[in-house]
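Please walk through this protein with the model open beside the text.

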Amino acid sequence: MIQTVNLNSSLDYYMRLASLKKGETNRVESNALVAGGKGINAALVAKAYGADVRAVVAVGGFVGDEIVSRLEEAGLTCDFVRLSHDSRINVKVKAEEETEINGRADALTEAEIDAAASKLIVGRGDWLVLSGNAPQGTRVDVYRYLAGKANGARVAVDAWGDQLALAVEAEPFLIKPNLDELSGFFGKNIEATEVAEYAARLRSLGAKNVLVTLGGDGAVLASEDGGIYSADAPRGRPVNSTGARDSTVAGFITAYDVYCGDAERTFAFAVASGSACAFKESLPCLADTEALVGDVRVRKMK
(Lines give C-alpha, C1' and ligand atoms only; values in the text may rest on other atoms or scores of the structure.)
Protein backbone atom coordinates (compact mmCIF):
# COMPACT_ATOMS: atom_id res chain seq x y z
CA MET A 1 0.00 0.00 0.00
CA ILE A 2 1.00 3.59 -0.62
CA GLN A 3 -0.05 6.20 1.92
CA THR A 4 0.56 9.86 1.12
CA VAL A 5 0.47 12.78 3.55
CA ASN A 6 -0.66 16.23 2.40
CA LEU A 7 -0.38 18.89 5.11
CA ASN A 8 -0.92 21.84 2.77
CA SER A 9 -3.80 20.88 0.51
CA SER A 10 -5.40 23.43 -1.78
CA LEU A 11 -8.23 24.17 -4.12
CA ASP A 12 -6.59 24.99 -7.45
CA TYR A 13 -8.42 27.33 -9.82
CA TYR A 14 -7.19 26.90 -13.40
CA MET A 15 -7.86 29.63 -15.95
CA ARG A 16 -6.94 29.38 -19.62
CA LEU A 17 -6.57 32.56 -21.71
CA ALA A 18 -5.30 33.23 -25.20
CA SER A 19 -3.07 35.92 -23.69
CA LEU A 20 -2.58 37.63 -20.35
CA LYS A 21 -2.46 41.43 -20.45
CA LYS A 22 -1.25 43.07 -17.27
CA GLY A 23 -3.27 46.02 -16.03
CA GLU A 24 -6.29 45.13 -18.18
CA THR A 25 -9.46 43.09 -17.84
CA ASN A 26 -8.80 39.56 -19.05
CA ARG A 27 -11.53 37.04 -19.89
CA VAL A 28 -10.90 33.33 -19.61
CA GLU A 29 -11.66 30.84 -22.36
CA SER A 30 -12.09 27.95 -19.91
CA ASN A 31 -11.67 27.31 -16.21
CA ALA A 32 -11.69 24.43 -13.73
CA LEU A 33 -11.48 23.73 -10.00
CA VAL A 34 -9.49 20.75 -8.74
CA ALA A 35 -8.20 19.51 -5.41
CA GLY A 36 -4.47 20.17 -5.29
CA GLY A 37 -1.36 19.62 -3.25
CA LYS A 38 1.69 17.47 -3.90
CA GLY A 39 0.59 14.53 -1.76
CA ILE A 40 -2.82 14.55 -3.41
CA ASN A 41 -1.31 14.63 -6.90
CA ALA A 42 1.08 11.78 -6.09
CA ALA A 43 -1.79 9.72 -4.68
CA LEU A 44 -4.00 10.28 -7.73
CA VAL A 45 -1.23 9.31 -10.13
CA ALA A 46 -0.28 6.19 -8.16
CA LYS A 47 -3.97 5.23 -8.10
CA ALA A 48 -4.17 5.71 -11.87
CA TYR A 49 -1.21 3.33 -12.18
CA GLY A 50 -3.16 0.64 -10.32
CA ALA A 51 -1.63 0.95 -6.86
CA ASP A 52 -3.49 0.56 -3.58
CA VAL A 53 -3.46 4.13 -2.30
CA ARG A 54 -4.69 5.96 0.78
CA ALA A 55 -4.17 9.69 1.40
CA VAL A 56 -4.02 11.66 4.65
CA VAL A 57 -5.27 15.14 3.80
CA ALA A 58 -5.39 18.16 6.11
CA VAL A 59 -8.35 20.41 5.27
CA GLY A 60 -10.09 23.36 6.86
CA GLY A 61 -13.02 25.72 6.36
CA PHE A 62 -15.32 25.94 3.35
CA VAL A 63 -12.36 25.49 1.01
CA GLY A 64 -11.53 22.27 2.81
CA ASP A 65 -15.12 21.10 2.40
CA GLU A 66 -14.80 21.52 -1.36
CA ILE A 67 -11.47 19.66 -1.39
CA VAL A 68 -13.16 16.77 0.40
CA SER A 69 -15.97 16.79 -2.15
CA ARG A 70 -13.58 16.82 -5.11
CA LEU A 71 -11.50 13.94 -3.73
CA GLU A 72 -14.61 11.88 -3.04
CA GLU A 73 -15.66 12.45 -6.66
CA ALA A 74 -12.23 11.27 -7.78
CA GLY A 75 -12.67 8.05 -5.80
CA LEU A 76 -9.50 8.56 -3.76
CA THR A 77 -9.57 6.85 -0.37
CA CYS A 78 -8.75 9.53 2.19
CA ASP A 79 -8.43 10.12 5.91
CA PHE A 80 -9.10 13.79 6.59
CA VAL A 81 -7.58 15.88 9.36
CA ARG A 82 -9.73 18.88 10.18
CA LEU A 83 -7.85 22.14 10.68
CA SER A 84 -8.82 25.23 12.64
CA HIS A 85 -8.12 27.47 9.64
CA ASP A 86 -9.13 27.60 5.98
CA SER A 87 -7.26 25.60 3.40
CA ARG A 88 -5.60 27.71 0.73
CA ILE A 89 -6.67 28.58 -2.81
CA ASN A 90 -4.15 28.62 -5.66
CA VAL A 91 -4.66 30.34 -9.00
CA LYS A 92 -3.08 28.77 -12.08
CA VAL A 93 -3.12 30.92 -15.21
CA LYS A 94 -2.43 29.23 -18.55
CA ALA A 95 -1.70 31.79 -21.24
CA GLU A 96 1.44 32.41 -23.33
CA GLU A 97 3.29 31.31 -20.21
CA GLU A 98 2.20 29.55 -17.03
CA THR A 99 1.67 31.88 -14.08
CA GLU A 100 0.87 30.61 -10.60
CA ILE A 101 -0.30 32.51 -7.54
CA ASN A 102 -0.25 30.12 -4.62
CA GLY A 103 -2.14 30.95 -1.46
CA ARG A 104 -0.69 30.74 2.02
CA ALA A 105 -2.12 28.61 4.80
CA ASP A 106 -1.65 28.95 8.55
CA ALA A 107 0.82 26.78 10.42
CA LEU A 108 -0.36 23.42 11.74
CA THR A 109 -0.63 23.05 15.49
CA GLU A 110 0.96 20.19 17.42
CA ALA A 111 -2.49 18.67 17.89
CA GLU A 112 -3.15 18.78 14.13
CA ILE A 113 0.22 17.18 13.37
CA ASP A 114 -0.47 14.44 15.91
CA ALA A 115 -3.90 13.92 14.34
CA ALA A 116 -2.20 13.35 10.97
CA ALA A 117 0.30 10.96 12.55
CA SER A 118 -2.56 8.98 14.10
CA LYS A 119 -3.93 8.28 10.61
CA LEU A 120 -0.78 6.44 9.48
CA ILE A 121 -1.44 2.74 8.97
CA VAL A 122 1.64 1.74 6.97
CA GLY A 123 4.07 -1.02 7.84
CA ARG A 124 6.90 -3.05 6.37
CA GLY A 125 6.51 -3.42 2.60
CA ASP A 126 4.40 -0.27 2.31
CA TRP A 127 5.28 3.26 1.19
CA LEU A 128 4.82 6.50 3.11
CA VAL A 129 5.02 9.58 0.88
CA LEU A 130 5.64 12.94 2.58
CA SER A 131 5.15 15.44 -0.18
CA GLY A 132 5.17 19.24 -0.38
CA ASN A 133 6.40 21.53 2.37
CA ALA A 134 4.10 22.03 5.33
CA PRO A 135 2.75 25.59 5.80
CA GLN A 136 5.28 28.15 6.99
CA GLY A 137 5.48 28.23 10.77
CA THR A 138 4.75 24.52 11.19
CA ARG A 139 7.43 22.74 13.22
CA VAL A 140 10.35 22.45 10.84
CA ASP A 141 11.07 18.80 11.70
CA VAL A 142 7.52 17.67 10.88
CA TYR A 143 8.62 15.23 8.17
CA ARG A 144 11.38 13.76 10.32
CA TYR A 145 8.74 13.29 13.01
CA LEU A 146 6.24 11.61 10.65
CA ALA A 147 8.97 9.45 9.10
CA GLY A 148 9.60 8.15 12.59
CA LYS A 149 6.01 6.84 12.60
CA ALA A 150 6.50 4.81 9.40
CA ASN A 151 6.65 1.47 11.24
CA GLY A 152 9.14 0.00 8.78
CA ALA A 153 7.52 1.40 5.63
CA ARG A 154 9.73 2.90 2.93
CA VAL A 155 9.58 6.69 3.19
CA ALA A 156 9.66 9.03 0.18
CA VAL A 157 10.15 12.75 0.82
CA ASP A 158 9.54 15.53 -1.70
CA ALA A 159 10.27 18.73 0.19
CA TRP A 160 12.88 21.47 0.31
CA GLY A 161 14.78 23.76 2.63
CA ASP A 162 15.02 22.92 6.31
CA GLN A 163 12.09 20.51 6.11
CA LEU A 164 14.07 18.39 3.64
CA ALA A 165 17.35 18.75 5.53
CA LEU A 166 15.83 17.42 8.75
CA ALA A 167 13.88 14.69 6.95
CA VAL A 168 17.15 13.33 5.53
CA GLU A 169 18.20 12.57 9.12
CA ALA A 170 15.43 9.96 9.20
CA GLU A 171 17.20 8.11 6.33
CA PRO A 172 14.27 8.06 3.89
CA PHE A 173 14.17 5.57 1.05
CA LEU A 174 13.74 8.28 -1.59
CA ILE A 175 14.13 12.03 -1.82
CA LYS A 176 13.43 14.05 -4.97
CA PRO A 177 14.96 17.52 -5.06
CA ASN A 178 15.28 19.62 -8.18
CA LEU A 179 18.51 21.43 -9.06
CA ASP A 180 17.62 24.60 -7.11
CA GLU A 181 16.70 22.56 -4.03
CA LEU A 182 19.90 20.52 -4.28
CA SER A 183 21.84 23.80 -4.42
CA GLY A 184 19.91 25.10 -1.43
CA PHE A 185 20.66 21.98 0.56
CA PHE A 186 24.41 22.39 0.11
CA GLY A 187 24.39 26.19 0.21
CA LYS A 188 26.11 26.67 -3.15
CA ASN A 189 25.23 27.12 -6.80
CA ILE A 190 25.53 23.61 -8.23
CA GLU A 191 26.15 23.39 -11.96
CA ALA A 192 24.45 20.76 -14.11
CA THR A 193 27.81 19.00 -14.53
CA GLU A 194 28.09 18.65 -10.73
CA VAL A 195 24.68 17.12 -10.07
CA ALA A 196 25.91 13.53 -9.99
CA GLU A 197 28.58 14.39 -7.44
CA TYR A 198 26.21 16.19 -5.10
CA ALA A 199 23.42 13.64 -5.49
CA ALA A 200 25.91 11.01 -4.31
CA ARG A 201 26.91 13.25 -1.39
CA LEU A 202 23.28 13.64 -0.40
CA ARG A 203 22.78 9.88 -0.56
CA SER A 204 25.78 9.41 1.75
CA LEU A 205 23.98 11.51 4.38
CA GLY A 206 21.24 8.91 4.77
CA ALA A 207 18.79 8.83 1.88
CA LYS A 208 18.94 5.51 0.02
CA ASN A 209 17.90 6.95 -3.35
CA VAL A 210 18.30 10.56 -4.48
CA LEU A 211 16.46 11.51 -7.68
CA VAL A 212 17.32 15.01 -8.90
CA THR A 213 15.02 16.37 -11.60
CA LEU A 214 16.39 18.84 -14.15
CA GLY A 215 13.26 19.80 -16.07
CA GLY A 216 13.70 19.42 -19.82
CA ASP A 217 17.31 18.32 -19.26
CA GLY A 218 16.22 15.04 -17.68
CA ALA A 219 17.26 13.73 -14.27
CA VAL A 220 20.02 12.09 -12.25
CA LEU A 221 19.59 9.19 -9.84
CA ALA A 222 22.02 8.27 -7.07
CA SER A 223 20.72 4.77 -6.43
CA GLU A 224 20.80 2.49 -3.41
CA ASP A 225 22.82 0.03 -5.54
CA GLY A 226 25.71 2.52 -5.46
CA GLY A 227 25.30 3.50 -9.10
CA ILE A 228 24.78 6.96 -10.53
CA TYR A 229 22.41 7.13 -13.50
CA SER A 230 21.40 9.94 -15.83
CA ALA A 231 18.34 10.09 -18.03
CA ASP A 232 17.27 12.34 -20.88
CA ALA A 233 13.71 13.61 -20.78
CA PRO A 234 11.46 12.47 -23.64
CA ARG A 235 10.87 15.05 -26.35
CA GLY A 236 7.53 16.79 -26.29
CA ARG A 237 5.81 20.13 -25.84
CA PRO A 238 5.40 21.03 -22.16
CA VAL A 239 1.94 22.44 -21.43
CA ASN A 240 1.64 21.85 -17.70
CA SER A 241 4.19 21.98 -14.90
CA THR A 242 1.72 21.39 -12.07
CA GLY A 243 2.01 17.83 -10.81
CA ALA A 244 5.07 16.85 -12.86
CA ARG A 245 7.34 16.32 -9.87
CA ASP A 246 4.55 14.53 -8.01
CA SER A 247 4.09 12.25 -11.00
CA THR A 248 7.82 11.51 -10.95
CA VAL A 249 7.59 10.40 -7.31
CA ALA A 250 4.49 8.31 -8.00
CA GLY A 251 6.21 6.76 -11.01
CA PHE A 252 9.28 5.79 -8.99
CA ILE A 253 7.49 4.16 -6.08
CA THR A 254 5.01 2.24 -8.22
CA ALA A 255 7.67 1.05 -10.68
CA TYR A 256 10.09 0.09 -7.90
CA ASP A 257 7.83 -2.72 -6.75
CA VAL A 258 6.87 -3.79 -10.27
CA TYR A 259 10.53 -4.03 -11.37
CA CYS A 260 11.78 -5.48 -8.06
CA GLY A 261 14.12 -2.58 -7.42
CA ASP A 262 15.76 -2.57 -10.87
CA ALA A 263 17.30 0.91 -10.78
CA GLU A 264 17.40 1.60 -14.51
CA ARG A 265 13.85 0.47 -15.28
CA THR A 266 12.44 2.21 -12.20
CA PHE A 267 14.29 5.43 -13.06
CA ALA A 268 13.11 5.37 -16.68
CA PHE A 269 9.49 4.93 -15.63
CA ALA A 270 9.76 7.77 -13.09
CA VAL A 271 11.16 10.17 -15.71
CA ALA A 272 8.51 9.11 -18.22
CA SER A 273 5.82 9.67 -15.60
CA GLY A 274 6.93 13.24 -14.91
CA SER A 275 7.15 14.00 -18.61
CA ALA A 276 3.73 12.49 -19.29
CA CYS A 277 2.27 14.98 -16.83
CA ALA A 278 4.17 17.90 -18.36
CA PHE A 279 2.89 17.04 -21.84
CA LYS A 280 -0.84 17.11 -21.00
CA GLU A 281 -3.28 19.39 -19.19
CA SER A 282 -4.08 16.90 -16.43
CA LEU A 283 -2.35 14.22 -14.40
CA PRO A 284 -1.16 11.24 -16.46
CA CYS A 285 -2.72 7.81 -16.76
CA LEU A 286 -0.73 4.60 -17.13
CA ALA A 287 -1.05 4.58 -20.93
CA ASP A 288 0.41 8.11 -21.13
CA THR A 289 3.51 7.06 -19.22
CA GLU A 290 3.97 3.70 -20.91
CA ALA A 291 3.93 5.48 -24.27
CA LEU A 292 7.01 7.50 -23.25
CA VAL A 293 9.13 4.94 -21.38
CA GLY A 294 10.82 3.76 -24.56
CA ASP A 295 11.95 7.33 -25.27
CA VAL A 296 13.82 7.65 -21.95
CA ARG A 297 17.50 6.86 -22.39
CA VAL A 298 19.15 5.85 -19.11
CA ARG A 299 22.97 5.79 -18.82
CA LYS A 300 25.02 4.50 -15.92
CA MET A 301 27.59 7.17 -15.09
CA LYS A 302 29.48 5.22 -12.43
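**Sheets, rings and cysteines**

Four strands form an open sheet in the order β3-β2-β6-β7, and their pairing is mixed. The edge positions belong to β3 (30-36) and β7 (98-101); each has a single partner strand, so one side of each has no neighbour in the sheet. From one strand to the next, the twist averages 20°. For that angle, axes are lines fitted to C-alpha atoms, for helices over the stretch in contact, and angles run from 0 to 180 degrees between N-to-C directions.

This is a predicted model: local features need pLDDT of at least 70 and side-chain atom pairs pLDDT 80 or more, while totals for chains, interfaces and linings use all residues. Residues are numbered from 1 along each chain as its sequence is written, and side-chain values use heavy atoms, with hydrogens and water left out. Helices (H or I, at least four residues) and strands (E, at least two) are DSSP runs, numbered from the N terminus. Two strands pair if DSSP finds at least two bridges between them.

Look at one pairing in this sheet. Strand β2 (residues 10-16) runs antiparallel to β3, and seven bridges join them. R16 stands opposite S30 in β3. Strands of a sheet pair through backbone hydrogen bonds, either parallel or antiparallel.

Now turn to another open sheet. It has 10 strands, ordered β5-β4-β1-β8-β9-β10-β11-β12-β13-β14, again with mixed pairing. At its edges stand β5 (78-82) and β14 (298-300), each with a single partner strand, so one side of each is left without a neighbour in the sheet. Inside the order, β1 (residues 2-6) and β4 (residues 53-59) run parallel and are joined by five bridges. I2 stands opposite V53 in β4.

Next comes helix α8. How far apart should its ends be, given 15 residues at 1.5 Å a residue? The expected span is 1.5 Å times one less than the number of residues. For α8 (residues 244-258) that gives 21 Å, and the end C-alpha atoms are 21 Å apart, which agrees. The helix is mostly covered, with 13 of its 15 residues buried. Buried means under 20% relative accessible area, exposed over 50%, and partly exposed in between (1.4 Å probe, protein chains only).

The structure holds seven aromatic pairs. Rings of Phe, Tyr and Trp (its six-membered ring) pair if their centres lie within 6.5 Å; planes under 30 degrees apart are stacked, over 60 edge-to-face, and the rest tilted. W127 and F173 make an edge-to-face pair, 5.3 Å centre to centre with 85° between the planes. This pair links distant parts of the chain: W127 is in strand β8 (residues 127-131), and F173 is in the loop between α5 (161-168) and β10 (174-175), 46 residues apart. F173 also pairs edge-to-face with Y256, at 5.1 Å centre to centre and 85° between the planes. F173 lies in the loop between α5 and β10 and Y256 in helix α8, so the pair ties together parts that are 83 residues apart in sequence. W127 is buried at 1% relative accessibility, F173 at 9% and Y256 at 14%. Together with F252, these residues W127, F173 and Y256 form one aromatic cluster.

Elsewhere, a charge meets a ring. The charged end of R139 sits over the ring of Y145, 4.6 Å from its centre. The criterion is NZ of Lys or CZ of Arg within 6 Å of the ring centre and within 35 degrees of the ring normal.

Some backbone angles deserve a look. N151 has a positive phi near 55°. N151 lies in the loop between α4 (142-147) and β9 (154-158), and is exposed at 59% relative accessible area. E171, in the loop between α5 and β10, also has a positive phi near 55°. E171 is partly exposed at 49% relative accessibility. Just after α8, C260 takes a positive phi of about 55°.

C260 is exposed, with a relative accessible area of 74%. C277 is in no disulfide, and the nearest cysteine sulfur, that of C285, is 11 Å away. C277 is buried, with a relative accessible area of 0%. The structure holds zero disulfides, a disulfide being a pair of cysteine sulfur atoms within 2.5 Å.
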